[in-house]
Structures are given as structure tokens and as C-alpha cells.
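Please keep the sequence and the model in view while reading.

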Amino acid sequence: MENLKLNSYYDVIIVGSGPSGLGAAFKIAENSKKSVLLIEKKKISSGGLRNDCKQNYTYPVGFPLEHWEKDEAQKLLVEVANHLKPKMETRLNIDKYVNRAKKLDVDILAIDQAHVGTDKSSALINSLIEQLKNLGVTVALETEVKELHETKKEIRLSNDFKIEFNDIILGPGRADYDWMQAQMDRIGVKYSDNIVDIGIRVEMKEENYPIVKDYYDPKILFPNKVRTFCTNSGCAHIVREKYKGYYSVNGHSLSRDKKPNNLVNFAMLKTIRLTQPVVSGQQFGKILGEMVMQLSGGSVIMQRVGDFRLGQRSKKETFNDDLYDFKPTLSNAIAADLSLSMPAKILRDIWSALKKLDSIVPGVLHPSTILYYPEIKTYSNKPQFLNKNFMVKEGYYIIGDGAGTSRGITAAWASGIKAAKSILEK
Ligand SMILES: Cc1cc2nc3c(=O)[nH]c(=O)nc-3n(C[C@H](O)[C@H](O)[C@H](O)COP(=O)(O)OP(=O)(O)OC[C@H]3O[C@@H](n4cnc5c(N)ncnc54)[C@H](O)[C@@H]3O)c2cc1C
């Protein structure tokens, strides 16, 4: 924990220095004299701002429709851009892809997007934190909020120090959903969680997915709630992330300053909405993730498209065969059989989407292309909000991905602005 003396009261406490917390902190600090404490348990925020940091500036990408109208989101995106100062990527020559897609009942969205890169994002975050300190915000890094008091407006830190507040904004992100759930139970806020995205990450040579030269992160919507997500190119690689009970894959790319490896990766995800008897998306994601861990001996799996098409499992040799002429960037994935691990309905819809994609951008399904599984995106516990500004109880707001009010950096930031506005207008 930083050597910082905290007061026993702040007008506003913000938990989490992800984009939602930062959005709220800037809005309040720039528009009031309120004392603000921003608390972050890590040295530096842990979400997407810290990683690849692709910023989408076109509604509805990242904005769950149940919470956002287009006009409001677009207005707030201008405010987000004023702070993040994006350098927009260009989008060229995509008409031929859009026309092919239309014939297959597929939508290619035109998105304004900027990309920072995993190697440069921490400099951006540090500069934002410095700006907040200069605006008078107390920033407590490496400081964890253990719990909220059930009835008093008070938090307890992990070192048992207690701090009171008038308003609190909670932006703990998706990874800490169980902490958020416990706090909602403590303060008596009802919630639900019935959605999960399950899918694969696809890795191929850039020459087999040339659309990325014209459109950095193509957002493509297929039938049956399947979509592409988070495309990486340039110096792109796949990583394994640890969750409770399983690993999920994810993709990154470094900034344009780094030497390209001429590979591309993107996720192909299917959204699943659950009803009885399993009503928790997080639980369903965990069940599927654990099944892969059992089958693979504890890691994520990968299969070459060539083997998949032949209905045979990939083996170590598959990845050394000179027909398959690039090495997987995730070296600790286990060569295996996707069809044995993935529920049939999900696999069918994703494979059907990939075949359509191969007609739109011929080459994606080259035999050397690798399919990694699982990529699981759980949604948060959606609280019952009392108003449109994400208030769950007088003086308590829950924002960002951890509250299901966003699905990306820019929307998370916008959700912070919205909660802050509500506090400023009181
Ligand atoms: C690896 C990865 C890459 C991603 N890449 C992108 C991308 O390129 N573009 C994009 O738009 N989205 C991306 N995302 C999604 C993006 O990260 C989220 O949409 C966004 O960060 C959500 O913001 P948030 O503020 O709600 O939560 P987060 O960014 O997750 O921030 C929450 C913060 O709260 C802190 N915290 C949690 N509990 C406590 C506690 N009890 N006490 C103190 N601090 C606490 C956490 O340490 C964390 O720093 C990515 C996500 C991941 C995991």
C-alpha cells in the first residue's frame, strides 16, 4: 500500500481506477469542489485500459442497449475523447466486404476506433492519474476496499481503516464480480446475471485475413447472436488468462512501433441468455471452462482448421507439420479436439459464422488457421437500478462492466460520467 494518509471522510469515494472510475473522477473533479478519493487495489488499473486499449467511438459498440440511447451515448463519447485523445484508425475499401456480407445476412459495422497497444497503455494511465491528482483528487493505489458497511455510509479497507462518504461510486470491473455481489448482498441491492459469451479465438496469417489492412478491428455481426470481437494485428499474440477454476484465452497487439509478426487474431463469440434451471452466466461459463481444463489436463486447447475439417483431433505433430506454416503464439495451449469440448449448439453457430466469414474474406479457413478454446466473457451481476444514472440506493452508484452498464473502455468511461452528473446535480 502507498504511504498516503487518508482522511476519515470524503464527499465522494470512487472504487476502481478502470475507465468507469476515471470517467467519474474527472467529471466530479472538473466540475465541483467536492473532496474525492479514488481507490485502486492494484498498482495500476487492471482492465482493458491497461491492456490493448482499443477505444470504440461509435454507438452501440460497448453500450448495452437496455441502458443507453444513441444521442446520450454519442454526446458522452465526445467527453471521453476529450480525455483519452484518440488517434483514429482509418477504414478504407470495405465496400466489397460489406456487399458480400449483405448477401449472407451478415452486418459489418462501421466503427470509429483508436488503438494504443499493450506496450503504451500504462503511460496513458499514469498520465491520467497525474492529471487527477493535479485536479485535487486523492488517489490511493494498492489500496483495497474490503467491504461496505451494511447500513452506514462507510467503507472498510483491507487494513481495517474506515472511511465515511456522502456518495460512493463502485466501478470494480468484471473480474471482481464476486466481490461486487457480496457488497450488493450487504447493502441490500437485488441483482441478476443471466448472460454469457462463449466462443473461440481464431489465429491466422495476416495474408489470410487481409481485411485488417483496411479496417483495424472489423465488427461483424452474424446470425444466431455470433459476432467477431477484439481483432488484433501488427504485432499480435494470444494470451491465457486465469479465472476462478479455468483459463480463458484473449488477444493482444502491441503498438505500431513494434515489429509486426504478420499474424492476426480475433474472437468469434456467441451470446447465450440463460433461463431455468441454470440462471447464472458466470456459473455456466465456469462449468464449460472447467470441462476444458479436465479434458486438456489444465490448459486451453487449440486445433488447426485442417484437422477440424477432417474431424480429427490436432496433435503436437500437427503444429510441427510444414503444411501448417506458423507457430501458435500461445505456446502452452494443448493440441486437441474442439468438438469434444464445446457444446454442439455453440460450435454449430460459430462454425457456420466462420464459413460465412470465409466467403466474405476468403482465406480465413485456411488449414493452418488455429482455433483456440475457450474464450469466455462473463457479464456482471446486473443490479436493479433506481434511476437512469445507475443509482442503486440513495448515495450508492454501480457503474462500468461490473454493473453491466458497459462492455468496453469508452462506454465504461461514459457510465462514470453519468453517475458523476447525478451526484453533481443533487
Ligand atoms: C485483457 C483485457 C483486454 C481488454 N481489451 C479491451 C480493449 O482493447 N478495448 C475495450 O474497449 N475493452 C477492452 N477490454 C474490456 C475493458 O477492459 C472493460 O470494458 C473496461 O475496462 C471496464 O471498465 P471498468 O472501469 O468497469 O472496470 P475495470 O477496467 O476492470 O477496472 C476495475 C478496477 O477496479 C479495481 N478493483 C476491483 N475491486 C476493487 C476493490 N475491492 N478495491 C479497490 N479496487 C478494486 C480493479 O483492480 C480494477 O483496476 C479488455 C478487457 C480485458 C480483461
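Of the 426 residues in this protein, 47% count as buried. The model is a predicted one. Its secondary structure consists of ten helices and 22 strands. The radius of gyration is 22 Å, close to the 22 Å that the globule rule gives for 426 residues, so the protein is as compact as a globular protein of that length. When contacts between residues at least 6 apart in sequence are taken, 77% of them join residues at least 24 apart.

The domain assignment divides the protein in two. Domain 1 is made of 9-89, 114-192 and 381-424, while domain 2 covers 195-378. Taken over C-alpha atoms, the centres of domain 1 and domain 2 are 30 Å apart. To the contact between them, domain 1 gives 13 residues and domain 2 gives eleven.

The ligand is the next stop. Which residues come nearest to the ligand? Of the 38 residues around the ligand, these are G18, G47, G48, G173 and G400. Two or more residues of the shell come from each of the elements α1 (19-31), β3 (54-56) and α10 (409-424). Helix α1 gives the largest share, three residues. By residue type, the shell around the ligand holds 19 polar, ten nonpolar and nine charged residues.

Methods: Residues numbered from 1 in each chain as written. Predicted model: local features only at pLDDT ≥ 70, side-chain atom pairs only at ≥ 80, totals over all residues. Domains from an automatic or database assignment. Contact = placed C-beta atoms within 7 Å. Near = placed C-beta within 6 Å. Helix = DSSP H or I, 4+ residues; strand = E, 2+ residues; numbered from the N terminus. Nonpolar A, V, L, I, M, F, W, Y, C, P; charged D, E, K, R; others polar. Rg over C-alpha atoms; globule rule 2.2 N^0.38 Å. Buried ≥ 20, exposed ≤ 12 C-beta atoms within 10 Å, placed from the backbone.
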